[in-house]
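Let's take a walk through a protein model together. Have the sequence and the 3D picture open as you read.

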Amino acid sequence: TTGPTVESTPLAPADFAYEGDYLTCLTRESRLGIDVSSLQREIDWQQVKDFGIQFVIIRLGCRGYETGNLIVDKKVYEYLEGARSVGLKIGAYFYSQAINRAEAVEEALFCLDILDGFQLDMPVVYDWEYVSKEARTANMTGQTLMGCTIAFCETIKAGGYQPMVYFNPHMEKVYLDLAVLQKKGYPFWLAHYTDTMTFPYRVQMWQYSYTGNVPGIEGGVDLNIILP
């Protein structure tokens with residue numbers, strides 16, 4: 001018996017090109033966006049929008065990779081209101097260092113408490129990343145991470161928001177079964193810092209740079225494109 005298969009991308013590398021400093025899809029409609037955390041400090045949201053940014057994914061918080069403590073991003077409420085005030089589309093993410101399903105559920109409930117019914121236009125994203133061999137997550141297995149991912153996403157879904165899963169190509173190879181996640185209805189956000197789309201599977205959002213320059217933000221910022 002064969003299991004579910006993940007959907008292939010309908011797009012080719014030639015479908016993308018830069019317009020100035022920003023990537024666009026040549027063959028279908030696409031939108032330019034950023035993701036931010038308190039690392040971006042003060043943001044002039046009107047400048048960001050006037051420049052052409054159409055959406056923002058805002059960090060709600062994180063779990064410490066050493067202590068395991070849950071931390072609210074110190075800019076989250078300011079960013080949510082600032083982005084909404086200028087009419088940007090808004091999503092959110094949580095930087096996870098969960099080591100079991102119970103911690104992943106705790107993180108999702110933490111996100112729901114921060115949002116407190118705030119109306120999002122885009123998903124709440126589960127962002128689990130390998131840190132180092134010294135981190136409390138150093139010995140995570142793919143089976144455990146899949147359990148964490150599903151537990152977080154199902155809790156977010158039960159809270160009335162659309163979940164999404166963030167990963168890079170290495171994580172897809174080592175930890176995640178995209179076919180299972182896709183069957184559950186979770187869209188994908190790919191982190192892959194290249195000039196062309198070479199990832200073989202369909203993703204809904206692509207983080208293609210972590211060194212972007214956007215007026216209204218001091219220093220570098222992650223650049224993203226929503227794919228059709």
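Here is a short tour of some helices, salt bridges and backbone details.

## Before we start

This is a predicted model, in which local features need pLDDT of at least 70, side-chain atom pairs count only at pLDDT 80 or more, and totals for chains, interfaces and linings use all residues. Residues are numbered from 1 along each chain as its sequence is written, and side-chain values use heavy atoms, with hydrogens and water left out.

The helix and strand names come from DSSP runs numbered from the N terminus (helices are H or I, at least four residues; strands are E, at least two).

## Two helices side by side

Two packed helices are described by the angle between their axes and the distance between the axes. Take helix α3 (residues 101-115) and helix α4 (residues 142-158): their axes come within 8 Å and cross at roughly 30°. Those axes are lines fitted to C-alpha atoms, for helices over the stretch in contact, and angles run from 0 to 180 degrees between N-to-C directions. So α3 and α4 are roughly parallel to each other. The cut-offs are under 35 degrees for roughly parallel, over 145 for roughly antiparallel, and 65 to 115 for roughly perpendicular, with the rest called oblique.

Which residues make the contact? From α3 come R101, A104, V105, E107, A108, L109, C111 and L112, while α4 brings G147, C148, A151, F152, T155 and I156. Contact here means heavy atoms within 4.5 Å. Sorted by type, the residues of this contact are ten nonpolar, two polar and two charged. In this sorting, Ala, Val, Leu, Ile, Met, Phe, Trp, Tyr, Cys and Pro count as nonpolar, Asp, Glu, Lys and Arg as charged, and the others, Gly among them, as polar.

## Salt bridges

Side chains of opposite charge can pair when their charged atoms come close. How many salt bridges turn up in the whole structure? The search finds ten, where a salt bridge is a side-chain nitrogen of Lys or Arg within 4 Å of a carboxyl oxygen of Asp or Glu.

One of them joins R63 and E107, with the closest N and O atoms 2.7 Å apart. R63 sits in strand β4 and E107 in helix α3, so this pair ties together parts that are 44 residues apart in sequence. Are these two residues buried or exposed? R63 is buried, at 3% relative accessible area, and E107 is buried too, at 0%. (Buried means under 20% relative accessible area, exposed over 50%, and partly exposed in between, using a 1.4 Å probe and protein chains only.) R63 and E107 also belong to a network of salt bridges that links them with E103, E106 and R136.

Another salt bridge brings R59 and D73 together at 2.7 Å, N to O. R59 is in strand β4 (residues 55-63), and D73 is in the loop between β5 (70-72) and α2 (76-85), 14 residues apart. R59 counts as buried at 17% relative accessibility, and D73 counts as buried at 3%. Then there's R84 with D121, at 3.5 Å from N to O. R84 is in helix α2 and D121 in the loop between α3 and β7 (124-128), 37 residues apart. R84 is partly exposed, at 30%, and so is D121, at 40%.

## Around α2

Let's stay with α2 for a moment. Its buried residues are V76, Y79, L80, G82 and A83. The elements covering them include β3, α1, β4, β5, β6 (89-96) and α3. Just after α2, G87 has a positive phi of about 85°.

Most residues other than glycine have a negative phi. Where does R41 lie? R41 is in the loop between β3 (31-36) and α1 (45-51), and its phi is positive, near 55°. R41 is partly exposed, with a relative accessible area of 43%. D116 also has a positive phi, near 50°. You'll find D116 in the loop between α3 and β7, where it counts as exposed at 66% relative accessibility.

Last stop: I226, in strand β11 (residues 221-226). I226 is buried, with a relative accessible area of 12%. Leaving aside neighbours within four places in sequence, I226 is in contact with E29, S30, R31, F55, M122, Q204 and M205.
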